[in-house]
Amino acid sequence: MKSRDKILSLLLESRDQWLSGEHISSLLGISRTAVWKNINTLKEMGYSIESSSRLGHKLVSSVNVMNQSELVKHLDTVFLGRNTLFLNETDSTNIQAFRLADQGAVHGTVVVAESQTMGKGRLSRKWFTDPGNGLAVSMILRPQIQPILAPRLTLVTAVALSEVLDSIGLNSYMIKWPNDILINNKKAAGILSEMKANIDYVEFVIIGMGININTDTSTLPDEIRDIACSISEELDSEVSRVKFLADFLNSFERCYDRFLSGDFAGILEKWIKKSGILNKQIKVTILEKEIFGTVTSVNEDGNLILETDEGIKVINSGDINYV
Ligand code: BTN
C-alpha cells in the first residue's frame, strides 16, 4: 500500500480528530515532509482535510470519500458491489476489471479508481477522469445469456444511470445514442461495455462508466473543456460520489434482474423515452461516411432504424448528431 493510502486510512479511522504530522510520520516510518506532500496530494484529489501547524491534520468531510465502508452504508444490493477494489490510480478500471475477471473475480465485483492513465472511451477514444471529482467505475458481470444479447446490458446501464439522475432531481439530461448522458448538449457521462465470450456463452461482461460528478469543467484539459459538463455544475451543488455510486449500483442491480427475468422491453421503452430520439432527423458518422435520415425506431439490440433516401438502414455503430 502506498504511503498516501496509509495516511488516508489513518485519517478515515480518526475522522474529525486531529492527527499530528509527527504521529503519522512515526507510525508509517516516513519523513514529516513526505507526510505533508501526501496530505497535499489527498487534498488535490478532493479529500477535505484541514491542516494546522500546531495540531496536524484531520479529515473534515466525507462528501468526496470513496471506499468500501462508505459504500456499503448506502448499498442495498444482493451481489453488486459486495466485492470491490478501490484504486487511487490505474491504467483503466475496465482493463483492471477484465484482468480480475480473467483471474476468476466473482460476479458483481466493482472496480473504482480516482484517476486513470489510459481511461478508455468508445471507438478507441480516451476518457479523462477528474481525480476526487469524477467517477470511474467498472462492473464485472457473469450473465448466463447468449453473447448476442450482451449489448443490451449497455442500455440497461444507461437506464439505471438515468434513474439515479432522476432521483437527484436532475431533469435536464438526455441519453444520446448509443450511451452518453448529455446535459445541454454537453457530455456528463459515458459507458463502455466489453465482453469475453465463446460462440454460445458469455464468460463475463465488463461495464465501465465514467461520470463528471463534482468536476469544475473550467479545469478540464483543453480538448474536452467545451464539450463536457458536470452534474454538480448543473445542480449547483456538490454530490456525494460514494452515495451516487451506491445509488447507481442499487438501481443497476434492479434493472439487471428485470432484464434477466425477460422484461427487456420495459427497459428499452424507458431508454427510448429518455433519449427522445424517435422521429428525430440525424446525421450518423461511421468512419468517413455520413448517413442522413429520420429515426423510426430503436430495435431490441439498441440499433437505430433509420429511414433514409436510400431506404431503411440499421445503424449499430458510429456517432450521431441531430440535424
Ligand atoms: C465513452 O463515452 O466513449 C465511454 C466512456 C467510458 C469511460 C469509463 S471510465 C470507467 C471505465 N474505464 C475505462 O477505461 N473506461 C470506462
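**Figure 1. The loop that holds Pro178 in the predicted model.** Pro178 is part of the loop between strand S6 (173-176) and strand S7 (180-183); strands (E, at least two residues) and helices (H or I, at least four residues) are DSSP runs numbered from the N terminus. The peptide bond that joins Trp177 to Pro178 is cis, with omega at about 0 degrees. Most peptide bonds are trans. In this predicted model, local features need pLDDT of at least 70 and side-chain atom pairs count only at pLDDT 80 or more, while totals for chains, interfaces and linings use all residues. Residues are numbered from 1 along each chain as its sequence is written, and side-chain values use heavy atoms, with hydrogens and water left out.

**Figure 2. Backbone of Ser124.** Ser124 lies in the loop between strand S4 (110-116) and S5. Although Ser124 is not a glycine, its phi is positive, at about 60 degrees. Most residues other than glycine have a negative phi.

Figure 3. The ligand is surrounded by 20 residues (each with a heavy atom within 4 Å of it), and the closest are Ser92, Thr93, Lys120, Arg122 and Lys187. The side chain of Ser92 places an N or O atom 2.7 Å from an oxygen atom of the ligand. A nitrogen atom of the ligand lies 2.9 Å from a polar side-chain atom of Thr93, and a ligand nitrogen atom is 3.0 Å from an N or O atom in the side chain of Gln116. Of the 420 Å² that the ligand exposes when taken alone, the protein buries 98% (Shrake-Rupley method, 1.4 Å probe).

Figure 4. Two or more residues of the shell come from each of helix H5 (93-102), strand S5 (134-141), strand S8 (186-197) and strand S9 (202-212). S8 contributes the most, with four residues. By class, the shell contains six nonpolar, 10 polar and four charged residues; Asp, Glu, Lys and Arg count as charged, Ala, Val, Leu, Ile, Met, Phe, Trp, Tyr, Cys and Pro as nonpolar, and the others, Gly among them, as polar.

**Figure 5. Surroundings of Lys283.** Lys283 is located in strand S10 (residues 281-286). Not counting residues up to four places away in sequence, Lys283 touches Glu290, Ile291, Phe292, Asp319, Ile320, Asn321 and Val323 (contact: heavy atoms within 4.5 Å). Thr294 is 11 residues from Lys283 in sequence, and their C-alpha atoms are 8.8 Å apart.

**Figure 6. Surroundings of Arg32.** Arg32 belongs to helix H3 (residues 32-44). Apart from neighbours within four places in sequence, Arg32 is in contact with Gly21, Glu22 and Ser25.

Key:
A polar contact is a pair of N or O atoms within 3.5 Å; within protein, one must be able to donate a hydrogen and the other to accept it, and residues adjacent in sequence count only if both atoms are side-chain atoms.
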